[in-house]
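Work through the exercises below with the sequence and the model open beside you. Each task is followed by a solution that goes step by step.

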Amino acid sequence: NATINTQIVDLSGTAIAPVSVSPASLAFATQQLGTTSAPKTVTITNHQNTTLAIDSITPSGDYGTVAIGTNPCGSTLPELTSCTIGVTFSPIGRTGTIPGDLTVSSNASSSPQIVKLTGTTSGLLPRFAYVANSADGTVSEYTVNLSTGQLRENGYVFAGTGPDSVAVAPSGKFAYVGNGFSNNISAYTVNASNGTLTPITGSPYATGGSPVSLTVGPSGKFVYAANSGPGNISVYAIDGATGALTPVTGSPFTAGEDPNSVVVSPSGKFAYVANQGPASADISAYTIDATTGALTPVDGSPFPFPSSDGGRPTAAAVNPAGNFLYVTSNNDSDVAAYSINA
């Protein structure tokens, strides 16, 4: 009832959600298939006066998360604080533009928060080649021209003494080298971008004498080494995360005299060994336990090498369909061909 009966106070305020993410979207540069980008940072901020319980931070499809920074995100976030999470782009099987989401779920009333993700792929997997150099104990690294197949030298890495054989896991993540003179296997991780090799912790791994031939089974779970000295086959399980090797139960498995080559069929069911010693000069054949990697001789093994002039089997190969085995001889001009009973 005052003479001036309306007084006005100007009010202003800023509304914020209980939880926020920044930035609201991430765009990744073009990334080759089978490789992983450097991480981009997302910040999660708890604006509440109470601790936030983070239920999950989930990337979709071809995207992943890694811990990053001095205050990485965990399962809880104290009041009025922030944490960071790294987001990576790892295109696997698609080309072009690949959309995705990073979803942050929590006990906040505004949950979930979503960061929009986008990245593009170049569509070609890089290819690499490796050569074991027995004389100087190194492994040469090459990149492969995807159009012409031409090799371009890309340095080298040290192995053991007398490296004879290189085998790469089907995933392309790990490489293994049989060192014939130091009687062990050197293990490496493969850089998916440039093919360079980095020794794996725990490498090298002991084998029998003179592991002259290595092969990795098509499942990528086991490595097989032909030990020419004691006449047996060492088998190792591969740690899928680190590439480290562990001998399987029963290893090594008996072969013939001087086994010089070991191969595994594309199905992963059978292994074949060329025994070039004069007392054997035959082919050992095994079934493979899919769970343990252990070898069991098949009925009729070993099988004779049909040379007319004393040739002895030295190198073996199975065709991609897995129905034929071919074996060369070390001291004549023969190639023996066998049919494989599936």
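**Backbone exercises**

L80 has a relative accessibility of 54% and therefore counts as exposed, where exposed means over 50% relative accessible area, buried under 20% and partly exposed in between, computed with a 1.4 Å probe on protein chains only. The model is predicted, so that local features need pLDDT of at least 70 and side-chain atom pairs count only at pLDDT 80 or more, while totals for chains, interfaces and linings use all residues. Residues are numbered from 1 along each chain as its sequence is written, and side-chain values use heavy atoms, with hydrogens and water left out.

**Exercise 1.** Find where L80 lies, and state its phi.

*Solution.* Begin with the loop between β6 (76–77) and β7 (82–89), which holds L80; strands are DSSP runs of E with at least two residues, numbered from the N terminus. Then read the backbone angle: L80 is not a glycine, yet its phi is positive, at about 55 degrees. Most residues other than glycine have a negative phi.

**Exercise 2.** Is S210 buried or partly exposed, and where is it found?

*Solution.* First locate S210 in the loop between β17 and β18 (211–216). Next, its relative accessible area of 23% makes S210 partly exposed. Finally, S210 has a positive phi of about 55 degrees, although it is not a glycine.

Conventions: Helices (H or I, at least four residues) and strands (E, at least two) are DSSP runs, numbered from the N terminus.
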